[in-house]
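Here is a short briefing to read alongside the structure. Take a look at the fold, and then let's walk through its parts together.

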Amino acid sequence: MENYTLLDHQGIIHYETIGELIHTFKDQIHARGIQTGTYKKVLLVMIESLENIMKHSECCPSGQAPGTKYTPVFTVRKNLGQFIILSSNAVKKQNIPPFKDKLDYLNTLDQQGLKEFYKKTITNGLFTNRGGAGLGLIEIAKISGKKITYEFSPIDDHCDRFNMTITIDETAN
């Protein structure tokens, strides 16, 4: 089985960046002959992860060069028949408890539970102060079919780095 990196990005994420990364990803997928079902799953998780970085990166002083402790990182790798999507960005410590609670809750749900939680979330009419309904992580969990692996590591007194790993099995379809 082949092991390789499809994408490796360090830097601020904007809508334009997401578009460029999607284009690069599509080129990689076609060149490597990856199956359509796998491609769609990885693409959807990739988009949700990048949008999460874009919307929820905090603590990043403007003008920071790539490679600083605040810089978002996004990587897609293939390893042993699985695609591994790694995302990392700075978040304010004060926002971690409810975020961690949601991730822990999602990790307790099976596919049916995720579907029900998605329906409940989409119909409750509540939107975050950033304009979303909080569906991104639910989508990621539904699509991957696996637990969301994550950790928070301290950056400074006000911020932690949020590291998330999503694994998607390669399909034969």
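Of the 173 residues in the protein chain, 44% are buried, meaning under 20% relative accessible area with a 1.4 Å probe, protein chains only. This is a predicted model, where local features need pLDDT of at least 70, side-chain atom pairs count only at pLDDT 80 or more, and totals for chains, interfaces and linings use all residues. Residues are numbered from 1 along each chain as its sequence is written, and side-chain values use heavy atoms, leaving out hydrogens and water.

**Overall make-up**
- The protein chain has five helices and five strands, which are DSSP runs numbered from the N terminus (helices H or I, at least four residues; strands E, at least two).
- Read from the N terminus, the order of elements is β-α-α-β-β-α-α-α-β-β.

- Five strands form an open sheet in the order 1-2-3-5-4, with antiparallel pairing; two strands pair if DSSP finds at least two bridges between them.
- Strand 1 (4–10) and strand 4 (149–154) are at the edges with a single partner strand each, so one side of each has no neighbour in the sheet.
- Strand 1 and strand 2 (residues 73–79) run antiparallel and are joined by six bridges.
- Within this pair, T5 is opposite R77 in strand 2.

**Helices on the sheet**
- Helix 1 (residues 15–32) lies across strand 1 and strand 2, at about 170° to strand 1; angles run from 0 to 180 degrees between N-to-C directions, using axes fitted to C-alpha atoms, for helices over the stretch in contact (heavy atoms within 4.5 Å).
- Helix 2 (residues 36–56) packs on the sheet and touches strand 1, strand 2, strand 3 (82–92) and strand 5 (159–169).
- The direction of helix 2 makes about 10° with that of strand 3.

Terms used:
Buried means under 20% relative accessible area, exposed over 50%, partly exposed in between (1.4 Å probe, protein chains only).
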